Amino acid sequence: MYYIIKILNFLIENGIFVYAIAIFLSYVIMAIISGFEMIRYMRKNSFVDYSTIISSPYAPPVTILAPAYNEGNTIVENIRSLLSIHYSDFEVIVINDGSKDDSLDKIIAHYQLEKVDFMVNYIIPTKPVRGIYKSTNKAYSKLLVIDKENGGKADSLNAGINISNKKYFAGIDVDCILEEDALLKMVKPILEDSESRVIATGGVIRIANSCKVKDGKIIEINLPKNLIARFQVLEYTRAFLMGRMAWSRLNGLLLISGAFGVFDREIVLKAGGYDHKTVGEDMELIVRMRRYMIENELKYRIVYIPDPLCWTEVPDNIRVLSRQRNRWTRGTMETLFKHMTLFFNPKYGNLGMLGHPYWFFFEWLAPIIETIGIFYFILVFAIGNADWPFFFLLLGFTYLFAVTYSAWAILFEEFTFARYRQKRDVFRLLLISLIEPLFYHPLNVWFALRGNFHYLIGNISWGKMEKKGFTDKIKK
Amino acid sequence: MYIPLLIFWLLFQNICVAAQESPEFTNHIVRENENVYRISLLYGVPIDSVKRWNNLDAKYKILVGGNLKIRKQLIVSGQSIKIDKPTAETSLVVIPDTTNSLKNIRTIDSLADNSKYNYLPILSEPIVKSKEPYFFEKVLYFYFKTKYVFKTVLLLNLFFILSVIILLIVILFRRIKDGYINIRKSKCLDRYRDFITDWLYETHSPNVPESLLNELKDWVYRDVFTAELLSLHSNLTGDSADKLVKLFHLAGLKKYSIRKAFHSSWYVKAKGFRELAQMKITEESGLIFKYLNSRNDILRIEAQMAWIQLNPNDPLSFFDNPKVYLSEWGLLNSLVSLKKIDAVPDFGRWLSSLNKSVALFAIKMSGVFKQFDNVDRVTNRLDDSDMDIRQAAICALGKMAIPAPCHRLRQLFKTEEIINKSEIIRSLTMMSDSSNIPFFEEVMLNETDISLRILSAKGLVAIDGIADNRLNSLFGEADPVLKAIIIHAKDNRI
């Protein structure tokens with residue numbers, strides 16, 4: 001026992017202290033960077049008229065790719081929401097990924113589809129396409145439906161990329177609710193950058209639980225009533241407003257959420273499309289696109305928009321949340337280990353020296369180290385040599401740091417988009433931030449550990465997310 | 001993001017310090033028949049010091065097997081020693097040795113055996129009688145006797161608590177302030193709306209009422225009024241728009257716009273430029289001119305937009321000598337401004353501009369506005385070494401859809417990259433000239449890239465008549481892939 005402590009002690013004195021300081025500092029630095037970036041963004045966009053893009057010959061053509069698997073009870077509603085988006089040169093491709101329910105029949109019936117003689121060009125190999133459908137109704141001329149054999153989300157997106165022929169495509173989850181000007185806001189950075197090519201833009205995901213939805217549009221924004229979902233509001237606000245904003249500024253963004261992102265089709269094709277073997281296909285693609293650009297010495301940027309553009313339902317029970325987080329962890333691990341050549345590789349600039357190591361140490365390793373730490377502490381406690389005043393002080397420090405960080409995120413939200421207009425919502429969020437480190441954080445660590453475990457034993461199952469349809473809410 | 005409880009780790013260092021012997025102190029394990037006095041003699045240190053180091057009060061008890069801290073520097077066996085000023089130490093509790101069973105633990109009265117040892121020299125130490133300290137003194141004492149890590153963390157904790165409270169207050173204050181301003185704004189908004197509508201559509205006195213002028217000195221009211229007026233103006237043209245401009249001047253808002261344009265913050269300045277442009281205030285053109293090539297993207301774009309609107313005779317003069325690469329977003333806005341003043345200049349002037357962005361813009365606009373006079377010069381840019389320029393030229397020629405440059409495009413096809421190849425086919429399709437039939441056929445039959453083959457098949461379909469017959473005859477002897485391509489191209493629902 002003594003020697004175990006000795007060895008651990010040696011490690012700790014040299015490494016862990018630096019690690020802990022680094023992780024806290026990185027959060028502080030990110031908060032500062034994103035703060036400045038946010039101020040700049042808000043000022044810049046305070047007098048932008050997005051509608052000028054619609055009528056302009058400069059509007060980049062965009063295909064919206066929406067893969068759907070067993071979404072029968074919401075699909076018709078969701079497609080209508082997609083078709084009603086404000087944009088000029090766009091089409092909507094819905095990919096039915098071999099659903100076992102009646103999704104396809106419902107779409108065909110509602111949108112008066114018929115099969116067309118489409119010659120599918122498998123630029124990226126995918127599962128076979130059974131048929132391509134277009135509407136006979138001119139009102140739905142922008143809609144195209146692909147029926148293919150089941151192959152997962154990445155495979156469906158690849159099929160969509162093969163068939164689309166516009167310069168850009170937007171990958172979205174079909175159950176997302178897009179704000180009407182979402183695409184306009186997403187393509188603006190592409191037009192804006194004069195020095196480098198913008199190969200992808202990502203948007204914020206907001207949480208639609210407990211929001212009132214009508215005709216595929218959010219009509220009233222509420223804080224989720226469910227506690228688990230409410231924790232995630234805080235988590236998403238923090239991650240999107242404080243984390244990604246800073247990474248976007250550093251051009252080190254490694255992840256554009258699969259739920260909503262616009263990509264340069266040409267670069268995606270050259271990078272080889274989505275990898276259908278991983279569960280974290282969205283992150284993996286971004287890393288591969290970045291690698292492609294760097295290896296070919298092309299100037300590029302990946303930009304992130306802090307506007308709330310895409311609303312989605314998040315898991316509101318622990319079981320589903322556990323599966324989702326498990327999948328995220330595995331996706332992260334797969335991507336990180338697949339691209340281990342990037343790790344502290346100066347050739348890859350910010351991606352190699354900053355992005356990859358950051359994810360490696362602070363996203364993947366953090367929950368593991370934290371758990372070992374807790375066990376170690378229990379060991380020391382059992383031996384009876386704990387320095388109690390210092391222990392409580394440090395515990396207080398971590399707790400207060402988390403609370404303060406969340407409070408800053410709430411402040412950011414308040415000063416930028418302020419989507420939760422009720423005064424009591426702010427208090428509720430602050431209250432949640434007080435409980436979060438004690439309840440939600442340990443849960444997340446536990447899920448991440450399970451993800452690690454499942455990765456090691458090679459359990460690659462799809463964490464399916466059960467979603468309550470928007471339709472049953474409309475009926476209420 | 002894991003906002004971790006990682007700091008647990010920080011703690012270990014300190015736990016481990018406790019587990020080891022500290023550098024300053026050595027531990028004495030109390031044996032049977034020992035008391036503090038005896039121990040103090042053993043180490044040659046004053047009895048009071050031992051008590052102080054171990055926080056023993058008047059009614060202390062020590063346990064057999066327990067630890068007592070003895071300060072190292074002071075250990076001089078058997079000799080009396082000089083005593084330094086008592087220093088502050090961290091406390092250490094006497095921890096019972098758990099390996100001893102309970103029966104072995106017995107208490108030793110501290111004073112009981114003193115007489116036995118009274119032949120030994122008794123060390124004298126002045127007894128300091130201290131009064132009971134106040135609470136804050138205790139806190140301060142506790143604070144100052146701790147280590148610097150401890151101090152830092154403590155201060156950080158206090159900072160966090162404070163900052164959360166301050167953030168809460170800031171949020172609340174802002175909500176209240178916003179609420180207050182919104183109430184004021186909503187109060188006057190309807191009134192101003194009515195007033196402006198009256199001004200537009202009804203006979204009105206030629207002057208703005210004095211009460212309104214006074215009200216507009218308040219920035220809240222002024223903001224509402226200006227915003228309402230500008231938004232209405234942007235939707236109007238001709239006579240009524242002019243009326244609004246007149247109202248703007250009469251209401252004395254001009255000086256505020258100019259003040260904004262001279263503001264040192266770029267975002268206020270940009271808004272000022274916008275107002276100047278919309279209200280046709282030409283006096284400050286010099287200022288706007290300075291920012292036409294600004295490094296700040298937003299400011300430059302706003303300046304250019306203002307310049308276009310204020311100089312309808314030669315709106316794009318700043319394109320002659322551009323110093324920076326203009327983004328598409330800026331060009332898009334220039335185009336919007338051009339539409340506002342309803343002017344389409346001859347883009348031929350910038351077709352051979354050395355600034356790539358301006359050249360791209362000119363080529364693209366020649367296509368969009370179908371400026372057929374520029375066809376030759378656009379065609380010349382097909383020889384450019386820059387791929388983007390060539391692509392823009394190909395697309396522009398397609399938009400113009402006159403068959404003259406067909407031959408040149410077909411020639412270019414052989415040497416181009418795949419993206420430009422597909423653009424060439426698209427452009428040729430739009431020209432729908434029968435001279436392209438052999439070319440389309442060639443591409444459809446022999447090209448390896450399927451998307452190019454599909455495009456050229458579509459090109460054939462677009463040319464009615466002969467091409468259609470040709471497709472039908474080809475279909476008869478086609479392999480399955482070609483058949484699929486032809487069927488695809490002919491399906492007009494796609």
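Predicted model: local features only at pLDDT ≥ 70, side-chain atom pairs only at ≥ 80, totals over all residues.
How many bridges join strand β8 of chain A to strand β12 of chain A, and do they run parallel or antiparallel? I started my notebook with that one.

**Entry 1: β8 and β12**

I found 10 bridges between β8(A), residues 197–207, and β12(A), residues 300–312, and the two strands run parallel. I then picked out some partners. G202(A) has Y304(A) in β12(A) as its bridge partner, and I207(A) stands opposite T312(A).

I also checked how β12(A) sits in the model. Of its 13 residues, 10 are buried, so the strand is largely enclosed by the rest of the structure.

Next I turned to β7(A). It pairs with β12(A) in the antiparallel sense, over two bridges. In that pairing, L178(A) has C310(A) as its bridge partner.

**Entry 2: chain A overall**

I stepped back to chain A and listed 14 helices and 12 strands. Its C-alpha trace spans about 80 × 50 × 45 Å along the principal axes. For 476 residues, a compact globule would have a radius of gyration near 23 Å, and chain A agrees because its value is 23 Å.

**Entry 3: the cores**

Which residues touch the most other members of the largest nonpolar core? In this core of 205 residues, they are V62(A), I64(A), A66(A), V94(A), L183(A) and I286(A). Helix α12(A), residues 388–415, gives the core its largest share, 16 residues. Another core lies apart from this one; it has 10 residues, including V36(B), I62(B), L68(B) and I70(B).

Setting aside neighbours within four places in sequence, I found V62(A) in contact with Y87(A), F90(A), K166(A), Y168(A), F169(A), A170(A), L183(A), V187(A) and V262(A).

**Entry 4: where A meets B**

I looked up the contact between the chains next. Chain A brings 69 residues and chain B brings 63. Several helices each supply at least two residues to chain A's side, among them α1 (2–44), α7 (227–249) and α11 (349–383). Helix α12(A) gives the most to that side, with 17 residues. By class, I noted 41 nonpolar, 13 polar and 15 charged residues on the side of chain A that touches chain B.

**Entry 5: a helix in chain B**

My last stop was α18(B), residues 418–431. This helix has 14 residues and reaches 20 Å from first C-alpha to last, close to the 20 Å expected at 1.5 Å a residue.

Which residues of α18(B) are buried? I listed N420(B), K421(B), E423(B), I424(B), I425(B), S427(B), L428(B), T429(B) and M431(B). What covers them includes α16 (387–400), α17 (406–413), α19 (437–446) and α20 (450–462) of chain B. Just after the helix, S432(B) takes a positive phi of about 40 degrees.

Terms used. Residues numbered from 1 in each chain as written. Chains lettered and ligands numbered in written order. Helix = DSSP H or I, 4+ residues; strand = E, 2+ residues; numbered from the N terminus. Expected span 1.5 Å × (residues − 1). Buried ≥ 20, exposed ≤ 12 C-beta atoms within 10 Å, placed from the backbone. Contact = placed C-beta atoms within 7 Å. Pairing = 2+ DSSP bridges. Core = buried A, V, L, I, M, F, W, Y, C linked by C-beta atoms within 7 Å. Nonpolar A, V, L, I, M, F, W, Y, C, P; charged D, E, K, R; others polar. Rg over C-alpha atoms; globule rule 2.2 N^0.38 Å.
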